Amino acid sequence: MSIFSGLNASASALTANRLRMDVTASNIANANTTRAQYVNGEWQPYRRKMVNIAPDSEKQFSTVFQKALNTNSTGVKVTGIEEDSEPFKLVYDPSHPDANDQGYVQLPNVDPLKEMTDLMSASRSYEANVTALNATKGMLVKALEIGK
């Protein structure tokens with residue numbers, strides 16, 4: 001185990017949570033976008049995106065705990081960004097340019113309340129990792145001062 005593994009773990013989590021915040025901000029910005037992509041000859045609304053995060057090592061906790069000194073793999077990684085398969089919302093608005101023959105408009109499957117909750121969660125995770133990074137940095141500095 002490297003003396004920098006704590007810094008590496010915090011850095012990977014900071015990167016992953018920054019991406020979560022970016023994707024959530026994109027979802028909020030496109031909450032009313034009815035023409036996001038052209039599919040099969042017609043426009044489709046924006047589809048909510050989600051970030052998948054996994055541990056950097058695919059080991060069980062007990063294995064990691066027992067072999068912690070022999071592993072260099074710490075932190076998390078983004079495994080992908082996927083679209084939410086939830087159906088689009090239908091809203092009756094016959095005056096809208098994208099309304100169908102019955103007067104309904106397909107709106108994105110973005111729920112602003114869910115997005116704000118995700119944004120708060122990612123923001124708090126980011127703060128926690130900054131705190132862990134600063135604590136690790138402080139311990140390393142103190143360790144170097146001992147060697148003087």
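This section describes the salt bridges and a nonpolar surface patch of a predicted model. Residues are numbered from 1 along each chain as its sequence is written, and side-chain values rest on heavy atoms, with hydrogens and water left out.

Across the whole structure, the search returned seven salt bridges, each defined as a side-chain nitrogen of Lys or Arg within 4 Å of a carboxyl oxygen of Asp or Glu. In general, side chains of opposite charge can pair when their charged atoms come close.

One of these contacts joins arginine 35 to aspartate 98, with 2.6 Å between the closest N and O atoms. The two partners lie 63 residues apart and connect distant parts of the chain: arginine 35 belongs to the loop between helix H1 (5-29) and strand E1 (37-39), and aspartate 98 to the loop between strand E5 (89-92) and strand E6 (104-107). Helices (H or I, at least four residues) and strands (E, at least two) are DSSP runs numbered from the N terminus. Arginine 35 has a relative accessible area of 44% and is therefore partly exposed; aspartate 98, at 24%, is likewise partly exposed. The classification takes buried as under 20% relative accessible area, exposed as over 50%, and partly exposed as in between (1.4 Å probe, protein chains only).

A network of salt bridges links Arg48, Asp84, Glu115 and Asp118. Arginine 48 is placed in the loop between strand E2 (42-44) and strand E3 (49-55), and aspartate 84, 36 residues away, in the loop between E4 and E5. Both of these residues are buried. Arginine 48 also forms a salt bridge with glutamate 115, at 2.4 Å from N to O. This pair spans 67 residues and ties the loop between E2 and E3 to helix H3 (residues 112-146). Arginine 48 counts as buried because its relative accessible area is 6%, and glutamate 115 because its value is 0%.

On the surface, Ile53, Val78 and Ile81 form a nonpolar patch with about 220 Å² of accessible area together. Accessible areas come from the Shrake-Rupley method with a 1.4 Å probe, and for residues only the protein chains shown count as cover. Patches comprise residues with over 30% relative accessible area and no salt bridge, like charges being joined within 9 Å and nonpolar side chains (Val, Leu, Ile, Met, Phe, Trp, Tyr) within 5 Å. Valine 78 lies in strand E4 (residues 76-83) and is partly exposed, with a relative accessible area of 33%.

Methods:
This is a predicted model: local features need pLDDT of at least 70, side-chain atom pairs count only at pLDDT 80 or more; totals for chains, interfaces and linings use all residues.
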